[in-house]
Each structure stands twice: as C-alpha cells, then as structure tokens.
Amino acid sequence: MTLQTLNLFPTPVWVRQLEPEATARVNRDAMALIETFRATSAATKAGGWATPTDLQDRPELHELMGFVRETAGEALAALAVEHDGFLVTGCWANVKPRGAGHPSHIHPNNFLSGVYYVRAPEAGGNIVFHDPRQQPFLLAPRTRERNLYNSRNADLPAREGMMVLFPAWLHHSVAGNSGAGERVSISFNIMFERFGETLARPKWGAQSED
Ligand SMILES: [Fe+2]
C-alpha cells in the first residue's frame, strides 16, 4: 500500500525564462536605461546601488513590462483571483558589484513581487526564499539530507532572461555576489487596481448585519 503525501498550503513561486531573442532585446534596452542612472546615482556604494523606483513606464522597459503583465496575469489566473485589473506599482533596477548581496525583506502593500535578471554572472548571488512559518522549526531534528520538507529556505540560481514572480509577503534575500562581474536585476511590484473599491469590501455581502 502506497503512502500518499498531501502537500497542503503550498507557496507558489513562478519562474519563466524568456526566449533568447527577447532576452537580448530586453537586456540591451534595460542596460541602456540603467547606464543613464549609473553616473548620477547618489546611492552608489559598495553594497550596490538602485535606480529610482518608478521605471515601469519608461519606453526602454516596455517589452519587459509586457512580459511582467503576461506572467502576472497567468499567476493570478492560477490563483483563481477575481479582480478588475492590476498595476505594476513600482519597478527599479539593482546593480550589485562583487561582494554585494541584499538582506531578507518583503514588499509591503503589494500582492505580487518579482525580479528579472539582466546580468547574472556565475556565482553572482542566488535569490533565497525563506519559509514564513515558524512552527515547523520549533523542533528541528537532524536530517540525513535536505529536501522540500525540512528546509527553512530555498534558493534559485539567477539566469539572464529569467523572471521570478512570488507573493509579496514572502521573505527573500540575495546571497553575496562572488561572481566575475556585476549582477543586474530589475524588481517590480504588482497590486490590484481599485483594490479599495472592488476587493476590500466584506466577502459575506451586503445582506449581512455583521
Ligand atoms: Fe525584494
């Protein structure tokens, strides 16, 4: 008799690799935009630097934003979310020189977050997702091997042209760049359009007295 395992309450992380031709176009245009900020960025430091956070409407990122919207639409469909549309509420580039990483964080006030890799040198720093649950690790016996059930985190190697989409509440960090060159990524947030008008009302309907 086979033992069946039910994987309840999974945390979805969506990964998509753009086609080589699209990757080349998107990365060329993204780097052209990012270079315009490099000389003037006040945030330049050993830990890396980032552009302003409102790049979503820049023409250089138009094709990338198309992929973002397409991927987010598929993710929301997979979640069977009823909504009246969504917005890319923020978009910015991160440049991480050798040694630079990023501490664990979430993206408040959004539903989905994501990242796209423009430059991803070998060993340039994986994105690491952290299990938001504390309960399973109150008792943490030694294990023979690492697997989905006993890991507190999961890392994903960055690849150029790869997009990763995840719930905005999911803690994530970036390991230090020990690769040969800069790591360049573009982050973005997605939130429902007209959230207050369409999604914040009580779910039980107007007839309820509660
Ligand atoms: Fe992030």
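Gly114 stands opposite Leu165 in strand E8, within a predicted model whose local features need pLDDT of at least 70, whose side-chain atom pairs count only at pLDDT 80 or more, and whose totals for chains, interfaces and linings use all residues. Residues are numbered from 1 along each chain as its sequence is written. The protein has three helices and 10 strands, where helices (H or I, at least four residues) and strands (E, at least two) are DSSP runs numbered from the N terminus. Read along the sequence, these elements follow the pattern β-α-β-α-β-β-β-β-β-β-β-β-α.

**The sheet**

- Six strands form an open sheet in the order E1-E8-E5-E10-E3-E2, with antiparallel pairing; two strands pair if DSSP finds at least two bridges between them.
- Strand E1 (14-17) and strand E2 (49-50) stand at the edges with a single partner strand each, so one side of each is left without a neighbour in the sheet.
- E1 is joined by four bridges to strand E8 (residues 162-167), and the two run antiparallel; Gln17 has Met162 in E8 as its bridge partner.
- E5 is joined to E8 by five bridges in an antiparallel arrangement, and to E10 by seven bridges, again antiparallel, with Ser113 standing opposite Asn189 in E10.
- Six of the eight residues of E5 are buried, so this strand is largely enclosed by the rest of the structure; a residue is buried if 20 or more other C-beta atoms lie within 10 Å of its own, exposed if 12 or fewer, and partly exposed in between, with C-beta atoms placed from the backbone.

**Helices on the sheet**

- Helix H1 (residues 20-38) lies across strand E3 (86-96), strand E5 (112-119) and strand E10 (183-192), running at about 95° to E5; axes are lines fitted to C-alpha atoms, for helices over the stretch in contact, and angles run from 0 to 180 degrees between N-to-C directions.
- Helix H2 (residues 62-78) also packs on the sheet, where H2 touches E1, E3, E5, E8 and E10, and its direction makes about 40° with that of E8.

**Helix H1 in detail**

- The 19 residues of H1 should span 27 Å at 1.5 Å a residue, and the end C-alpha atoms are 26 Å apart, which agrees; the expected span is 1.5 Å times one less than the number of residues.
- Val26, Asn27, Ala30 and Ile34 are buried in H1, and the buried residues of this helix, seen down its axis, fall within an arc of 100°, so they line one face; the arc is that of the directions from the helix axis to the C-beta atoms.
- The buried residues of H1 pack against H2, E3, E5 and E10, whereas Glu21, Arg28, Ala32 and Glu35, on the other side of the helix, are exposed.

**Phe195 and helix H3**

- Phe195 belongs to helix H3 (residues 195-198) and counts as partly exposed, with 15 C-beta neighbours inside 10 Å.
- Phe195 and Asn110 lie 85 residues apart in sequence, and their C-alpha atoms are 10 Å apart in space.

**The protein as a whole**

- The C-alpha trace spans about 55 × 50 × 35 Å along its principal axes, and buried residues make up 25% of the 210 residues.
- Among contacts between residues at least 6 apart in sequence, 89% join residues at least 24 apart; two residues are in contact if their C-beta atoms, placed from the backbone, lie within 7 Å.
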